[in-house]
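Here's a quick briefing for anyone opening this structure for the first time. Have a look at the sequence and the model, then read on.

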Amino acid sequence: MAALDAENPIVGQISCGSLLQQLQQIWDEVGETDEERDNMLLQLEQECLDVYRRKVDLAVKSRAHLLQTLADARVELTNLLSALGEKTYVGIPEKTSETIKEQLLAIAPALEKLWKQKEERIKEFFDVQSQIQKICSEIAGTSDQVESPAVDETDLSMKKLDEFHAQLQDLQKEKSDRLHKVLEFVSTVHDICAVLGMDFFTTVTEVHPSLNDSTGVQSKSISNDTLSRLVKTVLALKEDKKQRLQKLQELATQLIDLWNLMDTPPEERSLFDHFTCNISASVDEVTIPGALASDLIEQAEVEVERLDQLKASRMKEIAFKKQSELEEIFAHAHVEIDTEAAREKILSLIDSGNVEPTELLSDMDNQIVKAKEEALSRKDILDKVEKWMSACEEESWLDDYNRDENRYNASRGAHLNLKRAEKARVLVNKIPALVDSLVAKTRVWEQERGITFTYDGVPLLAMLDEYAMLRQDREEEKRRMRDQKKFHEQVNKEQESIFGATPSPARQPSTKKVVGPRTNGGGANGAASRRLSLNAHQNGSRSINRDGRRDSSRPAAPVNYVAISKEDAASHISGTEPLPSTP
């Protein structure tokens with residue numbers, strides 16, 4: 001009954017003392033011995049101790065778990081701060097200031113905030129790295145194989161993010177530069193294709209499909225391979241343009257030469273103005289669409305071929321035209337050639353068919369070039385010959401003027417003749433120096449080329465030597481006439497001393513020519529015969545008139561080669577120096 005009461009749960013508050021007291025009552029009723037009671041109490045104490053021990057162990061484990069959780073939280077906090085690049089976080093309590101649970105409650109919001117900040121930072125890193133990887137793949141040409149970037153969560157600092165942003169900016173600038181280059185190359189390809197008459201879309205699509213106008217600007221390929229292929233394409237197109245322009249200019253030159261040879265009318269030439277307008281243009285200057293198209297060049301080739309065939313049929317006319325040009329060059333250079341033999345040779349070559357027309361014309365062109373070079377080498381000497389001949393003509397006119405007794409009369413034009421005489425005397429005084437210079441230049445020319453310098457078939461040095469001899473003869477004749485005059489004066493003085501003063505004998509009427517323009521060879525027939533006979537002796541059997549083809553409008557030598565006759569000399573003296581009168 002007592003046991004039932006002890007187990008009755010309705011008892012209000014049960015303590016260890018009340019339970020021990022109830023246990024002793026039960027033992028008394030049962031009659032337990034003291035030893036048994038001691039064992040049971042010892043056992044009861046042991047069981048209570050075990051219960052306490054278990055509770056303490058649980059408490060220790062709970063504390064250890066809380067401490068571990070706190071330590072993990074602090075480590076996680078430290079890792080988050082390190083990953084985010086933060087040194088400290090304000091608001092976290094010290095370890096000794098509060099309980100473990102309070103510390104955990106205080107650190108939890110910080111961890112949550114840092115976790116959220118980390119997630120946002122990871123997203124930023126992912127976005128930046130994705131853009132970087134995308135641009136890198138576009139540059140590498142692998143944009144269709146882009147993978148998601150791996151974000152390094154151990155370093156999410158703002159410094160690292162700024163580095164990624166700087167790298168992204170550099171890549172964006174490089175992308176912009178590359179895109180600008182691509183667009184420039186595409187524009188160049190477009191312009192050259194327009195000039196060459198090629199399909200632009202086909203050309204750029206072969207480089208990369210994204211380069212045609214159907215795609216947006218940002219979608220165009222900027223890879224190294226695309227840029228390299230664009231550079232090669234532009235270089236190939238420029239080379240093609242250069243070759244086409246050279247071919248076009250060659251064809252245009254041939255066309256113009258053929259037109260000039262065959263006297264093509266301007267109306268027919270105007271049909272190819274769009275072709276010949278670029279004959280002297282540089283590669284960069286040709287920008288008109290279709291200016292170097294293949295069909296245009298083929299059209300010019302057909303026209304050149306047609307004119308070549310026409311030229312073959314008109315070969316004789318063209319060859320004689322070139323021969324006339326060659327003869328004209330030699331005529332201006334005063335080089336004598338056998339024109340009849342040259343024309344007969346041209347006829348025989350054309351009729352025989354042994355020489356290609358183009359080769360014959362090319363050979364004649366070479367002859368014309370050489371003739372121009374020879375004429376150019378003779379120009380300086382010929383200019384001096386012209387001056388010398390002009391001076392000799394003035395010298396001859398001056399001789400006629402000095403022999404004219406009425407030159408000082410107040411007749412019409414007398415003052416003009418007087419002025420001309422003054423200028424002629426100055427010019428005549430320069431003749432010796434001019435002849436010396438001409439001789440020196442001619443000798444240098446002959447030494448350099450190893451041939452004789454001829455003027456209309458006559459050696460120039462022989463002409464100059466003959467002129468020098470004739471001039472010397474004239475001077476001797478003048479001295480002889482002066483001595484004769486002195487002798488006559490002496491005889492007259494002796495007669496005056498013997499017979500006294502006598503009237504002066506009447507002067508013989510002058511038979512001089514009227515001063516005026518001299519005809520070619522006038523007053524110089526004797527000297528001309530002498531010069532020609534001298535040349536015939538030096539050059540073999542040369543006819544006087546050079547086969548009748550000498551230009552009669554120009555004297556072969558100065559007109560005053562003739563020596564003054566005795567009668568002319570006497571008249572000159574009587575006309576210019578009066579005899580002394582008798583006292």
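Is His 334 buried or exposed? His 334 is buried, as its relative accessible area is 11%; buried means under 20% relative accessible area, exposed means over 50%, and partly exposed is in between (1.4 Å probe, protein chains only). Keep in mind that this is a predicted model, where local features need pLDDT of at least 70, side-chain atom pairs count only at pLDDT 80 or more, and totals for chains, interfaces and linings use all residues. Residues are numbered from 1 along each chain as its sequence is written, and side-chain values use heavy atoms, with hydrogens and water left out.

**The overall picture**

- The protein chain has 18 helices and two strands; helices (H or I, at least four residues) and strands (E, at least two) are DSSP runs, numbered from the N terminus.
- Out of 583 residues in the protein chain, 31% count as buried.
- Take the contacts (heavy atoms within 4.5 Å) in the protein chain between residues at least 6 apart in sequence: 76% of them join residues at least 24 apart.
- The protein chain has an accessible surface of about 36900 Å², and carbon and sulfur atoms account for 53% of that. Accessible areas come from the Shrake-Rupley method with a 1.4 Å probe, and for residues only the protein chains shown count as cover.

**Salt bridges**

- Side chains of opposite charge can pair when their charged atoms come close. A salt bridge here is a side-chain nitrogen of Lys or Arg within 4 Å of a carboxyl oxygen of Asp or Glu, and the structure holds 20 of them.
- Glu 303 pairs with Arg 306 in a salt bridge, with the closest N and O atoms 2.6 Å apart. Both sit in helix α10 (residues 294–313), three residues apart, which is about one turn of the helix. Glu 303 counts as buried because its relative accessible area is 10%, while Arg 306 is partly exposed at 36%.
- Over in helix α13 (residues 357–403), Asp 383 and Lys 379 are four residues apart, again about one turn of the helix. They form a salt bridge whose closest N and O atoms are 3.2 Å apart. Asp 383 is partly exposed at 35% relative accessibility, and Lys 379 is partly exposed at 46%.
- Glu 477 and Arg 480 also meet through their side chains in a salt bridge, at 2.3 Å from N to O. They're three residues apart in helix α16, so about one helical turn separates them. Glu 477 is buried at 17% relative accessibility, whereas Arg 480 is partly exposed at 32%.
- There's a network too: Glu 395, Asp 399, Arg 471 and Arg 474 are joined into one by salt bridges that share partners.

**Charged patches on the surface**

- A patch is made of residues with over 30% relative accessible area and no salt bridge; like charges are joined within 9 Å, and nonpolar side chains (Val, Leu, Ile, Met, Phe, Trp, Tyr) within 5 Å. Lys and Arg count as positive and Asp and Glu as negative, while His and the chain ends are not counted. Each charge is placed at NZ of Lys, CZ of Arg, CG of Asp or CD of Glu.
- Lys 478, Arg 479, Arg 482 and Lys 486 make up a positive patch on the surface. Arg 482 belongs to helix α16 (residues 460–499) and is partly exposed, with a relative accessible area of 40%.
- Asp 34, Glu 35, Glu 36 and Asp 38 form a negative surface patch. Asp 38 lies in helix α3 (residues 34–84).

**Backbone spots to check out**

- Most residues other than glycine have a negative phi.
- His 334 isn't a glycine, yet has a positive phi of about 60°. You'll find His 334 in the loop between α11 (315–332) and α12 (339–352).
- Asp 456 isn't a glycine either, and has a positive phi of about 55°. Asp 456 is in the loop between β1 (454–455) and β2 (458–459) and is buried, with a relative accessible area of 18%.

- Leu 20 is in helix α2 (residues 16–30) and counts as partly exposed at 33% relative accessibility.
- Leu 20 and Leu 41 are 21 residues apart in sequence, and 9.1 Å apart in space from C-alpha to C-alpha.
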